[in-house]
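User: I am new to this structure and would like to know what stands behind the terms used for it. Please set each value against its definition.

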Amino acid sequence: MFDQDELDRLRERRESWEANTLEPFLERGERKDRFATVSNHEVDRLYTPEDVADLDFEEDLGFPGEPPYTRGPYPTMYRGRTWTMRQFAGFGTAEETNERFHYLIEQGQTGLSTAFDMPSLMGLDSDHPMSEGEVGKEGVAVDTLRDMEILFDGIDIGTVSTSFTINPSAAVIYAMYIALADQQGVPREEIRGTLQNDMFKEFIAQKEWVIPPEPALDVVTDTIEFAVKETPKFHPVSISGYHIREAGSTAAQEAAFTLADGFAYVEDCLDRGLDVDEFAPLLSFFFNSHNSVFEEIAKFRASRRLYAKVMEEWYGAEKPESKRLKFHTQTAGQSLTAQQPLNNIVRVTLQALAGVLGGTQSLHTNSFDEALALPSEKAVRVALRTQQIIAEESGVADIVDPMGGSFTIEKLTNEMEAEIMEYIEEIRELGNSSVRDGVLEGIDQGYFHREIGEASYEYQQRVERGEEVVVGVNEYTITEDTSPEILTIDETTRDRQLERLERVKAERDDEAVDVTLESLSKAIENDENVMPYIVDAVKAYATMGEIMRVFEEQYGQYQEELTPV
């Protein structure tokens with residue numbers, strides 16, 4: 001992009017600036033001895049055309065909506081429509097969460113996002129002994145299709161897009177949503193939304209699982225195969241870096257491990273005999289947005305560019321939709337502090353801004369009180385208003401990729417892409433040229449655990465040494481109590497949920513339930529796609545726990561062998 005003679009002239013001009021203008025100021029000293037991002041990536045004082053001398057506009061940037069998608073997956077981006085504002089909601093019983101859903105829709109939210117309680121996440125019914133004390137506490141309790149019916153009472157799922165943050169038991173929730181669509185008379189091909197359903201990141205970071213990695217991968221691929229045929233507007237997996245970052249990874253590790261997981265699912269689908277251009281458009285991704293604004297923007301842009309190249313060169317994708325990296329972003333929960341919680345509003349605003357400038361398709365902004373409890377209604381409203389103010393008042397949504405061409409951003413994007421690719425190649429090598437086998441081997445060897453653990457420890461050491469300032473925690477502290485009013489969950493929640501579960505069991509046809517569960521078991525034995533059988537089971541009002549127990553009986557429970565960091 002730059003003439004060599006001009007670069008030589010600029011190099012001489014910079015040397016003169018450093019000697020005559022910069023040097024006298026350096027005698028006064030700088031704020032810190034070293035300037036680095038949250039990921040400990042050292043940044044230069046100044047970036048110039050020299051830093052991007054090898055940049056090829058067509059090959060490296062291009063235009064929005066065209067390969068390599070560095071500047072965005074769609075040509076008009078937010079000038080066409082803003083990103084989906086999708087606030088996480090879920091607590092207590094289905095009735096309480098339904099009420100919050102209606103409130104958020106009234107406040108202008110454009111997509112629903114469902115949080116589930118720990119028993120539901122782990123495939124346990126509310127009456128299981130291990131569920132005691134956890135029912136409805138960190139999300140909504142869902143045991144049967146009856147809970148799903150109440151959860152979406154008064155909501156037309158043919159017109160709303162719904163995200164489900166659930167993994168080991170994701171196929172059951174997906175089946176319940178399909179059954180609900182059938183009840184409402186909504187054609188399956190019209191339902192829209194996203195199922196998180198990313199089991200690899202569970203084994204890597206979040207640590208919620210039921211069955212071992214390989215059969216868990218089979219179930220994920222079953223949902224993708226089923227979605228291609230039955231629910232083509234519904235994303236059957238959201239490949240999630242968010243939890244990898246929350247576990248303590250760097251930005252590059254988050255992107256690399258997430259993309260590697262995505263490529264692993266691609267390879268498994270190809271081995272299943274699926275056409276890449278049929279299933280790849282249904283894949284979606286989920287990233288974290290942390291405090292270092294420029295690093296995050298670079299991460300998003302580099303990930304888009306790398307994904308487009310790999311999908312075409314490694315997996316033969318031809319359709320533009322197969323090469324577009326589409327992703328949801330959530331602001332960094334890990335960055336929120338219990339101390340001076342109103343400071344979190346500022347953190348979330350900066351993180352959300354990074355997500356928008358990086359070209360996200362969907363955004364969740366954390367509530368300022370989430371370091372203390374489930375978000376209150378007031379805090380949720382502030383979080384949603386944060387997005388709306390960015391969209392309507394800041395002007396950043398009016399220009400497509402306004403950061404494109406910045407010497408700083410383009411240099412950081414190039415560096416980020418190179419670091420991400422280095423990790424992916426390392427994982428591929430673990431699997432003897434297969435990313436899928438490399439991810440499975442990395443899980444087995446504790447590779448991901450070690451990498452994330454080392455990064456997390458290194459960051460914490462910097463905080464404790466005061467090299468990383470956390471406002472209100474290790475600097476600018478106060479002694480007064482700044483705790484806001486927080487949301488509390490009614491202790492009668494479990495009783496009410498157990499009453500409904502007992503009533504459903506009493507009213508259903510137990511013989512029909514047994515037949516569907518036996519059919520599911522045989523489908524697993526015969527290596528059939530399990531989704532049609534799970535749909536039949538939930539329609540018979542089989543419980544979450546009953547369905548997941550069939551998988552446990554077939555595959556056993558997974559136990560992690562911890563590797564020392």
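Predicted model: local features only at pLDDT ≥ 70, side-chain atom pairs only at ≥ 80, totals over all residues.

User: Why is Y69 called buried?

Analyst: Y69 is found in the loop between α2 and β1, and its phi is positive, about 65°, although Y69 is not a glycine. Buried means under 20% relative accessible area, exposed means over 50%, and partly exposed is in between, with a 1.4 Å probe and protein chains only. Y69 has 0% relative accessibility, and therefore counts as buried. In that loop between α2 (57-61) and β1 lies P68 as well, and a cis peptide bond with omega of about 10° joins P67 and P68.

User: Is D527 buried or exposed, and what makes it so?

Analyst: D527 has a relative accessibility of 68%, so it counts as exposed. D527 is found in the loop between α20 (510-525) and α21 (531-539), and it has a positive phi, near 60°, in a residue other than glycine.

User: How do you know that β1 pairs with β10?

Analyst: Two strands pair if DSSP finds at least two bridges between them. Two bridges join β1 to β10 (residues 362-364), and the strands run parallel; S362 in β10 is the bridge partner of T84. Both strands belong to an open sheet of five strands with parallel pairing, in the order β1-β10-β9-β8-β7. Because β1 (84-85) and β7 (237-240) each have a single partner strand, they stand at the edges, and one side of each is left without a neighbour in the sheet.

User: What makes both faces of β3 count as covered?

Analyst: In a regular strand the side chains alternate between the two faces of the sheet. In β3 (residues 112-115), L112 and T114 on one side and S113 and A115 on the other are all buried. β3 also pairs with β4 (residues 161-165) in the parallel sense over four bridges, and S113 stands opposite S163 in β4.

User: Why is S163 called buried, and which residues does S163 touch?

Analyst: The relative accessible area of S163 is 12%, so S163 is buried. Contact means heavy atoms within 4.5 Å, and S163 touches R86, L112, S113, T114 and T194, not counting residues up to four places away in sequence.

User: What lines the second largest pocket?

Analyst: A pocket, on a 1 Å grid over the protein atoms alone, is an open set of points where a 1.4 Å probe fits, with protein on both sides within 12 Å along at least five of seven lines, and lining residues have an atom within 4 Å of a point. The second largest pocket is lined by 40 residues, of which A36, V38, S292, E468 and V469 lie nearest its centre. α12, α14 (343-357), α16 (407-430) and α18 (447-465) each supply at least two residues of this lining, and α18 gives the most, with five residues.

Methods. Residues numbered from 1 in each chain as written. Heavy atoms only, no water.
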